[in-house]
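I keep this notebook to record what I look up, one topic at a time.

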Amino acid sequence: MKKIAIQGTTGSYHDIAAHNYFEGEELEIICCPTFEEVFASVRKDSRTIGMLAIENTIAGSLLYNNELLRQSGTQIIGEYKLRISHSFVCLPDEDWEDLTEVNSHPIALMQCREFLNRHPQLKVVESEDTARSAEIISRENLKGRAAICSKVAAERYGMKVLQEGIETNKHNFTRFLVVADPWQADELRGHGTPKPDKASIVFMLPHTEGSLSQVLSILSFYNINLTKIQSLPIIGREWEYQFYVDIAFGDYLRYKQAIAAITPLTKELKILGEYAEGKSNI
C-alpha cells in the first residue's frame, strides 16, 4: 500500500488526482490542511509520497509551492494533469430557493465567477478546501448553504448536485506534481516507468546584462524546449531573482549536456526532478 500525502480532504481534487495517477493501486491518503504539512509528512516518513498542485490553466502558478518544493529536498518523480469540473451542491432536502450562501476555496470561486455573477443573491464565503466545504455543510447540517466542489466530493458527503460544470472556462486543468524522498525516488519510479522526457530546475543568475538570454540560447542550441519559466524574488536581496524552469527534451544525453553547459553561468542550479510528461484525464 502506498501512502500519499495531499492538501485537502477526501473527495478533493488532490485526492482525485492521486487515485488517477496511481490507478489500480491500494492507497492510504494522508489529508493535510496545508502544503507545508504535505512536505512535513514526507520528511516524517520517507516512504510517504506527496501530491501537490503546481499550476492551473486559469489561475496560473502556485508560486509558494515552487519555493516549498525547492526547500523540501524532495524529488519530483511524476506529474498528472487533471481536468477540473466544479459542481454546485447543497443538502439533499434543499433546493435553489433555500440557499443564501456558497462556500469554497478561493481559486474555485474565481474559476466559477460567471456562474456566481448570475446568482447575486448568494453570499460568497471563502474556505480552505472545496471538498471540506461540502463535508462541513453535510456534517453540521448547515441549512441555506451550498458548496462548490467536485462531483466525487458531493457523492462522498451525501450532497445534492444542483448543477455540474459551472466553471467559466471548460479548458480548466490543474497540473499536479508527485514528489518523494530522494532516497526512495528511483524505487518509487519502478520498473516499466516511461523514460524521463521532462525536468524541473531552479537557479539564480548574476545581476548582469544578458545573463538570462545566455542561458536560454544554450538551451535552444541543445534543442531543449522550455515549457514554463517563472521568476521569484530572492527575499532579502533586492532585484535578484531565482528562476524556476520546466524543460522538455527528446534526447536525455543532450539534456544532460545542456545542464552541464548552463551550470557555470548560474548560481546554485538544482534539478528538482526528472520525470515523464504527465497524462491527462481527458
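**Entry 1: a helix residue.** I started with Ala 261, which sits in helix H10 (residues 252-262). Helices (H or I, at least four residues) and strands (E, at least two) are DSSP runs, numbered from the N terminus. I am reading a predicted model, where local features need pLDDT of at least 70, side-chain atom pairs count only at pLDDT 80 or more, and totals for chains, interfaces and linings use all residues. Residues are numbered from 1 along each chain as its sequence is written, and side-chain values use heavy atoms, with hydrogens and water left out.

The scale I used calls a residue buried under 20% relative accessible area, exposed over 50%, and partly exposed in between (1.4 Å probe, protein chains only).

Next I looked up its partners. Neighbours within four places in sequence aside, Ala 261 is in contact with Ile 218 and Tyr 222. Contact means heavy atoms within 4.5 Å. Tyr 222 is 39 residues from Ala 261 along the chain, and their C-alpha atoms are 9.6 Å apart.

**Entry 2: domains.** I found three entries in the assignment: domain 1 (1-82 + 171-188), domain 2 (84-162) and domain 3 (196-273). These bounds come from an automatic or database domain assignment. The centres of domain 1 and domain 3, taken over C-alpha atoms, are separated by 23 Å. Between them, 14 residues of domain 1 are in contact with 13 residues of domain 3.

I also checked the record. An unreviewed UniProt entry carries the annotation "domain: Prephenate dehydratase" over residues 3-181. UniProt positions are given in the numbering used here, feature names are shortened, and annotations may be inferred rather than shown by experiment. I read residues 3-181 as 31% helix and 34% strand, with the end C-alpha atoms 13 Å apart.

**Entry 3: the cavity.** How many cavities of 30 Å³ or more does a search of the whole structure find? I got one. On a 1 Å grid over the protein atoms alone, a cavity is a set of points where a 1.4 Å probe fits but cannot get out; a pocket is an open set with protein on both sides within 12 Å along at least five of seven lines; lining residues have an atom within 4 Å of a point. The largest cavity has a volume of about 70 Å³. A volume is the space filled by probe spheres set on the points, which are joined across faces, edges and corners.

Its lining has 13 residues, and Asn 66, Ser 200, Lys 228, Asp 246 and Leu 272 lie nearest the centre. Helix H3 (63-72), S11, strand S12 (198-204) and strand S14 (241-248) each give two or more residues to this lining. S14 gives the most, three residues. Domain 1 and domain 3 each supply at least three residues of the lining.

**Entry 4: positive phi.** Asn 141 has a positive phi of about 50°. Asn 141 is in the loop between helix H6 (130-139) and strand S9 (145-149). At 42% relative accessibility, Asn 141 is partly exposed.

Glu 268 also has a positive phi, near 55°. Glu 268 lies in strand S15 (residues 267-275). Glu 268 counts as exposed, because its relative accessibility is 60%.
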